[in-house]
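Here is a short briefing for a first look at a structure. Please keep the sequence and the 3D view open while you read.

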Amino acid sequence: MHTDLKLEWNGEACLSLVVTDKIEKEALVVIQALSQYIDLQEWSFLTERVPSYSGLTLYFDILQLREDLVMTALSQFSLKGEAAKAITDFKEIEIPVCYGLQYGPDLEKVATHTGLSVEEVISKHTEGVYLVYMIGFMPGFAYMGGMDETLSTPRLEQPRLKIEAGAVGIAGQQTGIYPLESPGGWNIIGQTPLRLFAPEREKPSLLEAGMTVRFKSVTEAVFLDLKQKAGDC
Amino acid sequence: MIGIRVEQQGLMTTIQDLGRVGHRAAGISQTGSLDTYAASIANWLVGNEEQSAVMEMTIIGPVLKFETEVIFSLCGANLQPVLNGEPIPNWTAVQAQVGDVLSFLGKVTGSRTYMAVSGGFQTPLVLGSRSTHVKAGMGGHEGRPLKKGDLLPVMSLNLEAKAWTGNRLDPSLQPQYESEVQIAMLPGPHLDRFVEGVLEVFCASPYKVTTLCDRMGFRLAGTPLTHKAAADLLSEPNQIGSIQVPGDGQPIILMNDAGTTGGYTKIATVLQSELHKIAQLGSGDVIQFVPLSIEEARTRSVTYFKSLESIKKELLAWQRPLGKAFTVKVNGKSYSVYVEEVKG
């Protein structure tokens with residue numbers, strides 16, 4: 001983690017506040033604190049703020065922007081101070097997953113590649129505690145950290161043309177959930193009935209940076225039941 | 001439901017407004033009109049606010065049938081619009097009657113044209129915007145590009161709306177779309193990931209727009225930009241106008257439909273006030289990048305957006321012909337007629 005906030009302009013209306021250049025839990029906590037600090041400023045010229053692995057990116061209305069206010073506020077935010085009083089209570093969410101069957105066409109492949117049994121793959125995946133660092137790439141897609149390294153499996157050599165929304169997969173050292181139907185090269189080990197992205201919901205993205213995710217294995221019957229319920233709301 | 005019927009879809013026709021703002025943290029791209037200059041003016045010409053939903057047309061325009069009376073304007077690229085076979089002007093508010101057909105003879109300059117209708121297109125709002133997010137299949141008309149048979153809802157016309165007919169943008173403010181353009185940018189933020197002198201190379205060389213240009217991004221071809229080591233870094237948030245450089249050293253300008261995050265190094269960002277120029281480029285056009293300091297960039301953009309406010313004020317102050325409006329029927333066809341008293 002850096003000792004001071006690094007400021008990077010992405011053009012004249014977008015400022016990244018950089019805290020680190022690697023994936024680390026300590027930085028996530030500080031970035032959450034920074035987000036809250038920025039929210040307290042109540043700047044009318046701030047149109048968006050996006051937490052990421054490396055920091056917080058702010059988007060401004062150019063005509064309203066008060067750079068002096070921004071710089072003053074940032075100079076008063078201490079990285080060291082925040083890192084020191086870091087609290088680690090993350091909002092936890094449990095994601096039910098039906099592993100294997102037609103929902104996890106690559107589960108066997110992951111088992112073979114890792115040298116684990118199918119049951120071991122599922123138990124290691126569900127034992128993990130995953131931290132959401134960032135939502136991006138597509139609506140509702142969570143960049144998560146914390147997967148057991150022994151589950152690492154390289155992406156498909158030939159990506160599939162269509163992966164269902166809710167598909168749970170492994171790509172390299174990452175695990176993730178496809179929020180929308182999409183082409184993709186991840187190894188699909190199961191599916192969740194939850195809707196990771198729903199534009200009509202008050203919070204369109206189910207996951208957000210700063211959350212902790214746990215996966216829970218459910219039977220097909222439970223999966224189908226939950227899927228029906230999710231479709232209703 | 002009253003509206004405008006799509007008889008032929010054109011190349012890539014979508015409903016857009018100024019985009020969906022405030023949801024990047026949920027991974028939702030802003031989308032919206034690529035050329036906000038043309039789209040905003042199209043709206044002001046027909047008496048709308050700039051955020052009303054418009055129809056964005058790309059290179060090959062659609063064929064549209066008016067199933068209701070409409071006041072509309074076409075701004076941006078000249079695609080040679082004709083109404084019932086008769087040429088009509090761009091950058092001007094025009095009235096269409098029931099049964100009229102709008103088509104285009106072919107692109108002359110530019111790439112994107114915006115059609116505004118009085119009251120705006122009335123497709124449903126999704127998360128506060130009518131812009132089409134094609135990847136997510138949401139917004140606009142059924143979350144997708146328009147196709148034959150689609151009916152786009154509009155507001156029914158009143159006498160007041162008809163008064164905008166004839167409102168026109170001063171020709172001096174109508175852009176000339178050149179095939180070689182200078183684009184101002186702010187260098188950074190990942191210059192240190194490239195070899196020394198990369199900025200000089202980037203600014204000295206012309207970059208050609210390839211055929212791979214769309215609402216997500218414009219891939220360019222020119223002198224490769226060399227990285228010190230890897231071309232990628234930890235995925236981080238993008239900005240519309242970010243210029244990313246993958247391993248092959250060829251820059252890509254990210255546009256409105258690009259993903260909200262990306263993992264390629266960024267060499268520079270196009271100014272927000274220059275994006276409308278990018279929107280009008282097509283395959284074969286050439287860009288010369290011009291670096292600015294942050295102060296220069298901010299001044300340029302503030303000046304540009306303030307000038308837009310002046311244009312808006314003037315267009316919305318359009319003085320309609322004074323007098324009374326009548327509907328007159330001649331040989332079975334109805335006409336709106338303004339009668340002005342002759343004084344003295």
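Predicted model: local features only at pLDDT ≥ 70, side-chain atom pairs only at ≥ 80, totals over all residues.

Residues are numbered from 1 along each chain as its sequence is written, chains are lettered from A and ligands numbered from 1 in the order in which they are written, and side-chain values use heavy atoms, with hydrogens and water left out.

**Terms**
- Helices (H or I, at least four residues) and strands (E, at least two) are DSSP runs, numbered from the N terminus.
- Buried means under 20% relative accessible area, exposed means over 50%, and partly exposed lies in between (1.4 Å probe, protein chains only).
- Two strands pair if DSSP finds at least two bridges between them.

**A helix in chain A**
- Helix H5 of chain A covers residues 118–127, and its buried residues are Val121(A), Ile122(A) and His125(A).
- Seen down the axis of H5(A), these buried residues fall within an arc of 95 degrees, so they line one face of the helix. The arc is that of the directions from the helix axis to the C-beta atoms.
- Glu119(A) and Glu127(A) are exposed, on the face of H5(A) turned away from its buried side.
- An α-helix has 3.6 residues a turn, so residues three or four places apart point the same way.

**Strand E10 of chain B and its partners**
- Strand E10 of chain B spans residues 109–117, and eight of its nine residues are buried.
- Strand E3 (residues 54–58) of chain B pairs antiparallel with E10(B) over four bridges. There, Met55(B) stands opposite Met115(B).
- Strand E5 (residues 70–78) of chain B also pairs antiparallel with E10(B), over six bridges. Here Gly76(B) stands opposite Thr113(B).

**An open sheet in chain B**
- Six strands form an open sheet in the order E7-E6-E9-E4-E1-E11 (chain B), with antiparallel pairing.
- Strands E7 (86–87) and E11 (151–153) of chain B stand at the edges with a single partner strand each, so one side of each is left without a neighbour in the sheet.
- Within it, E4 (residues 63–66) and E9 (residues 101–104) of chain B are joined by two bridges. Leu64(B) stands opposite Leu102(B) in E9(B).

**Strand E12 of chain B**
- E12 (residues 180–187) of chain B pairs in the parallel sense with E19 (residues 286–291) of chain B over six bridges. One bridge partner in E19(B) is Pro291(B), facing Met185(B).
- E12(B) pairs in the antiparallel sense with E18 (residues 261–270) of chain B over three bridges.
- A cis peptide bond, with omega about 10 degrees, joins Gly188(B) and Pro189(B). Pro189(B) lies in the loop between E12 and helix H3 (198–204) of chain B.

**Positive phi in loops**
- Most residues other than glycine have a negative phi, and most peptide bonds are trans.
- Ile59(B) has a positive phi of about 55 degrees. Its place is the loop between E3 and E4 of chain B. Ile59(B) counts as partly exposed, at 33% relative accessibility.
- Glu142(B) has a positive phi near 55 degrees. Glu142(B) sits in the loop between E10 and E11 of chain B and counts as exposed at 58% relative accessibility.
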